[in-house]
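Colleague: I have the model open and some questions about it. Can we go through them briefly?

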Amino acid sequence: MRTIREPAKNIPVLAEADILVIGGGPAGIAAAIAAAREGAETILVERYGCFGGTLTQTGVEAIAWYRHQGTVEAGGLLKEIEAAAQAMGASTQECQSDSQAIDPHLFRYVCDKMIEDAGVKPILHCMAVDAIIDQGKFAGVLTESKSGRQAIIAKRGIDCTGDADIAARSGVPFYKAPKEELMFVTQIFGCRRVDTKKFIKYVEEELKPTYRDWSGDCWNQKIDENAAGMFSPYIEKVFIEALREGSLQTQDKEVSFGGTWSTVTPEGEVTQLNMVSIRNIDCTDVFDLTRAEIIGRRNCIKALETLKKSIPGFENASLSNFGMTIGTRESRLIKGLYTITAGDVFNQGRFEDSIAIFPEFIDGREFLVLPLSGRYYQIPYRALVPQGVDNLLVAGRCISGEPAAHTSFRNMACCVATGQAAGIAAACSLGQGVSVKAAPIPLVQEALTAQGVRYQ
Ligand SMILES: Cc1cc2nc3c(=O)[nH]c(=O)nc-3n(C[C@H](O)[C@H](O)[C@H](O)COP(=O)(O)OP(=O)(O)OC[C@H]3O[C@@H](n4cnc5c(N)ncnc54)[C@H](O)[C@@H]3O)c2cc1C
C-alpha cells in the first residue's frame with residue numbers, strides 16, 4: 001500500500017482518568033460502571049453518538065434469548081441492565097425465551113442514565129485511533145473527533161471496541177480468521193404497517209417455526225435434538241421459493257436470505273428483522289464495511305418485497321428503519337495469557353482465576369446449542385489479559401479464545417460479564433499498586449461477589 005509520512009505534532013490532552021474504557025457496547029458500559037463503583041475515576045469513550053454497541057447501533061434486541069428455566073448465569077450487571085430497561089419501559093417479553101427484548105432506541109437513554117448514575121465520565125462522538133504505550137505499558141489513546149486529534153491519558157485501559165482496535169494498535173498479537181471463514185455480517189431492518197394480528201395467526205397456525213428451521217440453507221446450524229422442536233421466530237422458505245421462481249433476484253452472490261424477527265407490536269411494528277446476511281466481509285477493512293452497508297440495504301429492500309408478497313399481514317408493510325450500522329459478529333480475537341477453547345465451553349471448563357460464568361450456549365459456526373441443562377463454563381481472567389503490553393485489558397467479543405468458543409462468549413450477556421470483571425480487575429490493580437497482569441485474583445473475586453456476580 002502506498003504511504004505518506006504524517007508530520008509529528010503536539011496533541012492536546014482532552015481528558016485524564018484512572019481508567020479509560022474504549023467502546024461503549026455491552027462490555028464497555030459494564031466495564032465503566034463496574035470500575036467507577038470500585039472508586040476509580042473512569043472515562044467511557046465511544047465513537048458513535050450513543051452507548052449500547054450492537055444492541056443500539058445495529059438493533060439487536062435479544063440480550064439473553066438463550067435463557068430458559070434452569071439456565072445458570074453470572075447475574076451482576078446483566079441483571080441490573082435488564083431490570084433498568086424494564087423499569088424504564090425499554091423492554092418487552094422476548095418471544096422465545098425467559099428474557100426481555102430490549103428496545104434499541106429507548107435503551108440509549110437507559111445507558112446514558114446508568115453511566116451518569118455510576119459517576120462515569122462519558123465522551124461520545126470520539127473514536128480512539130491509536131494507543132499510547134510507555135515502556136511496554138498502556139498510557140492512553142489518541143482520538144479523532146469534531147474537536148480534532150487529541151489524547152486521553154489513563155493509568156489503565158480496557159479495550160471494549162469489539163474489534164480489539166486498541167489492543168491491535170498496541171502490538172498485541174491477535175487471530176483473525178480468513179475472510180471467507182468469518183461469521184457473516186447482517187443489516188437489520190424493521191417494518192411498520194404490518195397487520196400483526198394476521199401475521200401472528202399465520203405464524204401460529206401455518207408457519208409454526210422451530211429451531212429446526214435454523215438448519216436450512218441460510219444459517220445452516222445443527223440443532224440439539226432436545227431443542228429442535230421448540231418455537232423460534234424464523235422465516236426462510238419464502239425466500240428460497242422466491243429465489244427459485246425469480247420474484248426475488250440479487251446480483252450479490254455473498255448474500256443469504258432468511259432468519260429471525262424479534263418484537264411484534266399491536267401498533268403494527270415488527271422489529272429486528274435479521275434476514276439479510278453477507279459473507280466474505282472483514283469489518284476491519286473500510287472498503288469491505290462500505291460494501292457491506294450498501295449490499296445490506298439493497299437486499300433488505302428486496303427481502304421486504306418478498307415478505308410483502310408472501311407473508312400474510314405484511315401486504316402493506318413499509319420499512320421503518322435500518323440498523324444505524326451493519327452488524328459485525330466476528331473480527332479480531334486477541335491472543336491473551338489463556339485462550340478459551342471449544343473444549344472449555346463444551347466440557348464445563350473450570351479455572352482458579354475464574355471471573356465469570358456463562359451457560360453452555362453456542363450460536364454460530366454450524367452449531368446451535370441451547371443451555372437447557374444447567375451446564376456452564378467459567379471464564380479465566382487470563383483470557384482478558386493480552387500478551388505483550390501491560391495495564392491494558394480486553395473485554396467483550398474479542399477476548400482470547402478459539403473461533404468456536406467465540407460463538408459462545410460473543411453473546412451480549414457474556415460480554416457484559418467480561419466487561420464487569422475487567423472494570424473490577426483494572427480498579428483493583430490500581431488500588432493495589434500492581435499492574436493488571438499481577439491483579440490479585442482473590443480480591444477481584446471478592447469484589448465480583450460484592451457486585452452480585454457469580455464466577456463459580
Ligand atoms: C446481526 C447480529 C445479531 C446478533 N444477535 C445477537 C443476539 O440475538 N443476542 C446476543 O446476545 N448477541 C447477538 N449478537 C452478538 C452481540 O451483539 C455482539 O457480539 C456483542 O454486542 C459484542 O459486544 P461488545 O461490547 O464486545 O461489542 P459491541 O457491541 O460491538 O460494542 C463495541 C462498541 O465500541 C465502539 N467502538 C468500536 N471501535 C471504537 C473505537 N476505535 N473508538 C471508540 N469506540 C469504538 C462501537 O461503536 C460500539 O459501541 C449479534 C450480533 C450481530 C452482528
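Modeller: Helices here are DSSP runs of H or I with at least four residues, strands are runs of E with at least two, and both are numbered from the N terminus. The model is predicted, so local features need pLDDT of at least 70 and side-chain atom pairs count only at pLDDT 80 or more, while totals for chains, interfaces and linings use all residues. Residues are numbered from 1 along each chain as its sequence is written.

Colleague: Which residue with a positive phi follows H1?
Modeller: H1 covers residues 26-37. The phi after it is near 95°. The residue is glycine 39.

Colleague: How many residues of H1 are buried?
Modeller: Buried means 20 or more other C-beta atoms within 10 Å of the residue's own, exposed means 12 or fewer, and partly exposed is in between, with C-beta atoms placed from the backbone. The buried residues of H1 include Pro26, Ala31 and Arg37. H1 is largely enclosed by the rest of the structure, because the buried count is 12 of the 12.

Colleague: What is the distance between the end C-alpha atoms of H9?
Modeller: The expected span of a helix is 1.5 Å times one less than its number of residues. For H9, residues 286-310, the 25 residues should therefore span 36 Å. The model agrees, with the end C-alpha atoms apart by 36 Å.

Colleague: Which helix do the buried residues of H9 pack against?
Modeller: Ala292, Ile295 and Gly296 are among the buried residues of H9. Their partners include strands S10 (185-186), S11 (189-192) and S14 (255-260). Strands S15 (270-278) and S16 (318-322) are partners too. The helix among the partners is H8 (237-245).

Colleague: How is the chain divided, and how far apart are the C-alpha centres of domain 1 and domain 2?
Modeller: Domain bounds come from an automatic or database domain assignment. Domain 1 is 13-177 + 331-450, and domain 2 is 180-322. Their C-alpha centres are separated by 28 Å.

Colleague: Which strand gives the most to the side of domain 1 that touches domain 2?
Modeller: Contact means C-beta atoms, placed from the backbone, within 7 Å. By that rule, 20 residues of domain 1 meet 23 residues of domain 2. On the domain 1 side, the top contributor gives 3 residues, and it is strand S20 (residues 367-369).

Colleague: How many residues surround the ligand, and which are the closest?
Modeller: A residue counts if its C-beta atom, placed from the backbone, lies within 6 Å of the molecule. Domain 1 and domain 2 each supply at least three residues of the shell. H1, H2 (54-58), S6 (126-134) and H12 (412-432) each supply at least two. The shell has 38 residues, and the closest are Gly23, Gly25, Gly53, Gly327 and Gly396.

Colleague: How many residues of the shell around the ligand are charged?
Modeller: Ala, Val, Leu, Ile, Met, Phe, Trp, Tyr, Cys and Pro count as nonpolar, Asp, Glu, Lys and Arg as charged, and the others, Gly among them, as polar. The shell has 16 nonpolar and 16 polar residues. Its charged residues number 6.

Colleague: Is glutamine 135 buried or exposed?
Modeller: Glutamine 135 sits in the loop between S6 and S7 (137-145). Its phi is positive, about 50°, although it is not a glycine. It has 6 C-beta neighbours inside 10 Å, so it counts as exposed.

Colleague: What is the phi of lysine 208?
Modeller: Lysine 208 is in the loop between H6 (196-207) and S12 (222-223). It counts as exposed because it has 11 C-beta neighbours inside 10 Å. Its phi is positive, near 40°.

Notes:
Two residues are in contact if their C-beta atoms, placed from the backbone, lie within 7 Å.
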